[in-house]
Amino acid sequence: MPDDAAGTHLTVLGPLNAASDSQVCDFYAYPEDLQRCWVRGNMIASLDGGATEDGKAGGLAGPGDRAVFNLMRNAADVILVGAATVRIENYSGAQLTVAQREARQRRGQAEVPPIAVVTASAELDHKAKFFSRTEVPPLVLTCSDTVVDARRRLGSVAEVINASGADRGRVDARTALRILAERKLFRVLTEGGPQLLSLLIENDLLDELCLTIAPVLVGGVARRVATGAGQVHTRMRPSHLLTDDDGYLYTRYVRG
């Protein structure tokens, strides 16, 4: 080993032990007694760092990733997404089983978590699945310049909320989280896209990142999981690493 690596301790992962369903749920449990929003990011990337395949993140997913995706949705109070993700991935509301709904009730949560979309323009099709295939009305977090028109167009299918800060033409990330916290929606799950995740990172608002690494190469010009102008250096610590028979890796990193 080179001299400059002296003192570095490397660990071989293994032997592999199957995790029970209850253990996996524990791996993705939010902290207890939250009094502020705890923001968890859930993203997927290829081995060569692409966040999408053929323009969609869903193209990288496998059965295990979809299972973890649903587990994290079940644990959340609210799902936070960007408007581009809603359009590209053709989002609908969260779909939960009877058992999941009963478990949420026991935890004091609503049966189904709402989806909150961050959008300055509020240019969303009111006939899209995001509005029509959901049990709870979505939250549209928009800005001062847009909110009146957005309420006119979308007010019958969603709750439209002004989440601007000092800039009337932009959604302020801290204001958006304050609005969610006022509604006791502390367990926040963001599923991107890359611009929203970058916004949260730049403002030091992301508490943890659950990154699935898909065992594929995509090449091309696929974006990273976070895409924005601001650059930071936020230290994260590993919480767990899981894998499945298909070779996917499920990582969880927590700030600090």
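**Notes on the predicted model**

1. Let's start with a charge over a ring. Arginine 40 places its charged end over the ring of tyrosine 30, at 4.2 Å from the ring centre. Bear in mind throughout that this is a predicted model.

2. Next, the aromatic pairs, of which the structure has two. Phenylalanine 130 and phenylalanine 131 make an edge-to-face pair, with 5.0 Å from centre to centre and 75° between the planes. Phenylalanine 130 has a relative accessible area of 1%, so it counts as buried. Phenylalanine 131 is at 7% relative accessibility, and it is therefore buried too.

3. The tyrosine pair is stacked: tyrosine 248 and tyrosine 250 have 15° between their planes and 6.4 Å from centre to centre. Are these two tyrosines buried or exposed? Both tyrosine 248 and tyrosine 250 are buried.

4. Now for serine 46, which sits in strand E1, a stretch covering residues 38–46. What does its side chain do? The side chains of serine 46 and aspartate 48 are joined by a polar contact of 2.5 Å. Leaving out residues up to four places away in sequence, serine 46 touches Leu60, Ala214, Val216 and Val218.

5. Why is glutamate 135 called partly exposed? Because its relative accessibility is 48%, and the partly exposed class runs between under 20% for buried and over 50% for exposed. Once residues up to four places away in sequence are set aside, glutamate 135 touches Arg101 and Val112. With arginine 101 there is also a side-chain polar contact, at 2.3 Å. As for serine 92, its C-alpha atom is 9.7 Å from that of glutamate 135, though the two residues are 43 apart along the chain.

6. Last, helix H8, residues 194–202. Which of its residues are buried? They are Pro194, Leu196, Leu197, Ser198, Leu199 and Leu200.

Terms used: Residues numbered from 1 in each chain as written. Predicted model: local features only at pLDDT ≥ 70, side-chain atom pairs only at ≥ 80, totals over all residues. Heavy atoms only, no water. Helix = DSSP H or I, 4+ residues; strand = E, 2+ residues; numbered from the N terminus. Polar contact = N/O pair within 3.5 Å; in protein donor to acceptor, adjacent residues only side chain to side chain. Contact = heavy atoms within 4.5 Å. Buried < 20%, exposed > 50% of the residue type's maximum accessible area, 1.4 Å probe, protein only. Phe/Tyr/Trp six-rings, centres within 6.5 Å; stacked < 30°, edge-to-face > 60°. Lys NZ or Arg CZ within 6 Å of the ring centre and 35° of its normal.
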